[in-house]
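Here's a quick briefing to read alongside the structure. Take a look at the picture, then work through the points below.

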Amino acid sequence: MRRASAAGITHSVLFANFHQDYAAADRSVARLVKHFPQRFFGFAYVHPIRDKGRIFRMVQTAVDAYGFVGIKAHRKDARISREVCEAARAYNLPVLYDIENELATVDWLAIHYPGVNFIIPHLGSFGESWRARTALLERLESYPNIHADSAGVRFFDLLERLIERGGARKLLFGSDGPWLHPAVELAKIRLLKLPHAQEQLILAGNFLNLIMERPWVVAC
């Protein structure tokens, strides 16, 4: 929160990464979201294998009891499952899914769940794979429900290329805090030198459009 405040960031998505018990972790996140309701949006973290059979129940609790607005899953835990996608579809939630370079999964998600919005962090590769990130650009152009975030993307040219090919509506600002400093990540977006309306879509509008039924409009 101190780093985000210093960078001028007023709202953040909060979730518990790589926990042994995501149901317990989600409860902890819920307490923080409740304590700072004007600061945090909560995402329900689920493990596709370990939480199998109770994901719908976890998501229902996250939405109805905690007021969470999305789902998070990570390939490092397990490959995303139909159960996760179907829970997202049932509750109309975006899914933040780290594919860890598995581009074929993006095709599967887009084709089998066109009504679910998926956010692929790090342009598809936190490990700096130019090939994976370049391949994701093609999918961002092809699939309306596939989006990317900017967290940890060191190849600035790819961010520029994403805007040129997919438009500002396909990119969401991501900080990957507290591991990365949000001010550094924010500077990359500023350095794109986009028109104000496009920059505001990346910084806030695109995310709000994914969690709200009414489209968010930026005043030019």
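A residue is called buried when its relative accessible area is under 20%, exposed when it is over 50%, and partly exposed in between. Glu141 comes in at 42% relative accessibility, so it counts as partly exposed. Keep in mind that this is a predicted model. Let's look at its salt bridges and then its sheet.

**Salt bridges that link parts of the chain**

- How many salt bridges does a search of the whole structure find? The search turns up nine.
- Glu141 pairs up with Arg165: their side chains form a salt bridge, 2.7 Å from N to O. Glu141 sits in helix α6 (residues 130-142) and Arg165 in helix α7 (residues 156-166), so this pair ties together parts that are 24 residues apart in sequence. Arg165 is partly exposed, with a relative accessible area of 32%.
- Glu102 and Arg79 also meet through their side chains, in a salt bridge of 3.0 Å, N to O. Here the pair links distant parts of the chain, 23 residues apart: Glu102 is in the loop between β4 (95-98) and α5 (103-112), while Arg79 is in the loop between β3 (70-74) and α4 (82-91). Glu102 is partly exposed at 23% relative accessible area, and Arg79 is partly exposed at 45%.

- Arg54 belongs to the loop between β2 (40-45) and α3 (55-64), and Asp21 to the loop between β1 (12-14) and α2 (22-35), so the pair ties together parts 33 residues apart in sequence.
- Arg54 is partly exposed, with a relative accessible area of 26%, and Asp21 is partly exposed as well, at 33%.

- Seven strands make up an open sheet with parallel pairing, in the order β1-β2-β3-β4-β5-β6-β7. β1 and β7 (171-172) stand at the edges with a single partner strand each, so one side of each has no neighbour in the sheet.
- Strands of a sheet pair through backbone hydrogen bonds, either parallel or antiparallel.
- Zooming in, β2 and β3 pair in the parallel sense over three bridges. Tyr45 has Lys72, in β3, as its bridge partner.
- Helix α2 packs on the sheet and touches β1 and β2. The direction of α2 makes about 170° with that of β2.

Methods
Residues are numbered from 1 along each chain as its sequence is written. This is a predicted model: local features need pLDDT of at least 70, side-chain atom pairs count only at pLDDT 80 or more; totals for chains, interfaces and linings use all residues. Side-chain values use heavy atoms; hydrogens and water are left out. A salt bridge is a side-chain nitrogen of Lys or Arg within 4 Å of a carboxyl oxygen of Asp or Glu. Helices (H or I, at least four residues) and strands (E, at least two) are DSSP runs, numbered from the N terminus. Buried means under 20% relative accessible area, exposed over 50%, partly exposed in between (1.4 Å probe, protein chains only). Two strands pair if DSSP finds at least two bridges between them. Contact means heavy atoms within 4.5 Å. Axes are lines fitted to C-alpha atoms, for helices over the stretch in contact, and angles run from 0 to 180 degrees between N-to-C directions.
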